[in-house]
Amino acid sequence: MSSAEFPEAGTAAGAVRGRLEGGLAVFRGIPYAQPPVGAARFAAPRPAERWDGVREAFAFGPPPPQEPFGPEGAPGGPVPAGDDWLTVNVWTPEADPAARRPVMVWFYGGAYKFGSADDPAYDAGRLARDGELVVVTLNYRVGVEGFLRIEGAPANRGLLDQVAALEWVRENITAFGGDPDQVTVFGESAGAGSIAALMAMPSARGLFRRAIAQSVPGTYFSDGLAADIAEAVAGELGLRPTVADLSGVDPRKLPEASAALSARMREYVHRWGAVALTPTPYSPVVDGEVLPATPWEALADGAGRDVELIAGHNRDEYRLFVLLGGLLGRVDEGLASKALGMFGPAADAERAYRAAFPDASAEYLFELVQSDWLFRMPSLHLADAQVTGGGRAHLYELTWPAPANGGLLRACHGLDVPLTFGVYGGLGAMLIGPEPTPETETLSAHIRAAWTAFARTGDPGWPGYDTENRLVRLLDVEPTVAAYPEEASRRLWERHTFAALPLTTR
């Protein structure tokens, strides 16, 4: 085989051989940890075992076990088989140890229960090529395997996988032309929530220099809530949420129990509160050990002051979920009132929202309060906490409306993903349309340039955020810098604390 067409790189576990694709050396499916099955089931990740010779790194590793579909979009094509769920993929201009290029590491979203790096939406070729840097994507455990609170197992195994992948990057990325001292993590939705958690985790300290958190979810569970949810998930199988009970169940069968619970979570609203009205029973657990505190508390105390941060959200985050829930055009005043009461920041939230938005329709209020609760205000508060703790932050809001279906979905959740990668299949096709417009390409090029410049220099091209001027980048075809535009929502939420969600008895 020609070394030009099939480049090779050495790792701590052995040599790998990739392929030349579009001027990039691309390596897929490199194990960063042992398969978490058998005796390793529900355990913290263990370093990958060594191999002899040169391992072909041509194909993505199999995705972690999960439910078959989610709002982040399902991977297309045949699903790779096997237990080697914990793998990384690398796109690099050249596998030259002397190159020392900045590195970007992507964490996928998917409500902490879906997602895998083989999704075509996460093809990093364009990002690596245009930014002339190294991009890494990876699989981490989701759902029951990664986030269920299981007795006898560490909490937040999905986050521990991410730490292990970042340790792999620190130890091996030089061989792929990357600089281990110039690592930027970036991710969207649950991926952004993971990044916020990593900034608060002692085990992740020093593994990355910069972070880009796109649409940070505000849901982190208390230990009590997580344990109660785990009992309900295991109960679907007539089992207890223990390693002894669950390790005997095929990893690919457990998502069925999770899906069965997801379909009737509303029955638990008296115990789980607003969580029971979301699409997922999973979130990072503030267990006091793996994750000692919520990201907002930790960052305000200075945990992230050595990490430069971009945080932001889309203007109309929840509109995608209104569509997926079949509620577009069907929200009445009763539904709006219930949402305002359940998701609003205070006991008088309905009155406060209606006073702040007197001309808003029932559907808009229903959508707005959930956009604020789930993504917009958590992202804003993360920037606030970072600055309060002595760190640096840049804030953005994506205001450009998704062009498909006449702009029906506006600047909804997930729209930033195809714009970040410049890849428009899957969810991107649903939001962008069958072909990207010139406006789409213009905005996508701007976002890629800003993200890669930040990874290279720490400067994305707009001023840092502070709590006095609150300057943000408004991402549109012609991006501008302005004071944070969602001032009415900001004021409604300014005294709210995004604490670990409790187990209630309502």
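# Notebook: helices, strands and aromatic pairs

I began with Phe 375, which I found in helix α13; helices here are DSSP runs of H or I with at least four residues, strands are runs of E with at least two, and both are numbered from the N terminus. I noted that this is a predicted model, in which local features need pLDDT of at least 70 and side-chain atom pairs count only at pLDDT 80 or more, while totals for chains, interfaces and linings use all residues. Residues are numbered from 1 along each chain as its sequence is written, and side-chain values use heavy atoms, with hydrogens and water left out.

**Entry on Phe 375.** I looked up the accessibility of Phe 375 and found it buried, with a relative accessible area of 3%; buried means under 20%, exposed over 50%, and partly exposed in between, with a 1.4 Å probe and protein chains only. Leaving aside neighbours within four places in sequence, I listed what Phe 375 is in contact with (heavy atoms within 4.5 Å), and the list includes Ser 189, Ser 215, Val 216, His 313 and His 413. I also checked Glu 435, which is 60 residues from Phe 375 along the chain, and the C-alpha atoms of the two are separated by 28 Å.

**Entry on strand β13.** Strands count as paired if DSSP finds at least two bridges between them. I found β13 paired with strand β10 (residues 210-214) in the parallel sense over five bridges, with Gln 214 as the bridge partner of Gly 312. Strand β14 (residues 393-398) also runs parallel to β13 and is joined to it by six bridges, and there His 313 has Glu 397 as its bridge partner.

**Entry on helix α11.** In α11 (residues 333-343) I found Ala 336, Ala 339, Leu 340 and Phe 343 buried. These residues lie on the same side of α11, because they cover an arc of only 100° around the axis, the arc being that of the directions from the helix axis to the C-beta atoms. An α-helix has 3.6 residues a turn, so residues three or four places apart point the same way. On the other side of α11, I noted that Lys 338 and Gly 341 are exposed. The cover over the buried residues of α11 includes α12 (349-356), α13 (362-388) and α17 (487-493). At the N-terminal end of α11 I found Asp 332 as a cap, with a side-chain oxygen 3.2 Å from the backbone nitrogen of Gly 334.

**Entry on strand β6.** I then turned to β6 (residues 87-92), where six of its six residues are buried. In a regular strand the side chains alternate between the two faces of the sheet. In β6 both faces are covered, with Thr 87, Asn 89 and Trp 91 buried on one side and Val 88, Val 90 and Thr 92 on the other. Strand β4 (residues 24-31) pairs with β6 in the antiparallel sense over five bridges, and Pro 31 stands opposite Thr 87. Strand β8 (residues 134-138) is antiparallel to β6 as well, joined by four bridges, with Val 135 as the bridge partner of Trp 91.

**Entry on aromatic pairs.** I counted 20 aromatic pairs, taking rings of Phe, Tyr and Trp (its six-membered ring) whose centres lie within 6.5 Å, with planes under 30 degrees apart counted as stacked, over 60 as edge-to-face and the rest as tilted. Among them, Phe 27 and Phe 176 form an edge-to-face pair, 5.0 Å centre to centre with 90° between the planes. This pair links distant parts of the chain, 149 residues apart, with Phe 27 in strand β4 and Phe 176 in the loop between α3 (157-172) and β9 (178-188). Another edge-to-face pair is formed by Tyr 220 and Trp 296, at 5.3 Å centre to centre and 85° between the planes. Tyr 220 lies in the loop between β10 and β11 (221-222) and Trp 296 in helix α9 (residues 295-300), so the pair ties together parts that are 76 residues apart in sequence. I found both Tyr 220 and Trp 296 buried. Last, I noted one aromatic cluster formed by Trp 106, Tyr 122, Phe 186 and Phe 421.

Note on methods:
A polar contact is a pair of N or O atoms within 3.5 Å; within protein, one must be able to donate a hydrogen and the other to accept it, and residues adjacent in sequence count only if both atoms are side-chain atoms.
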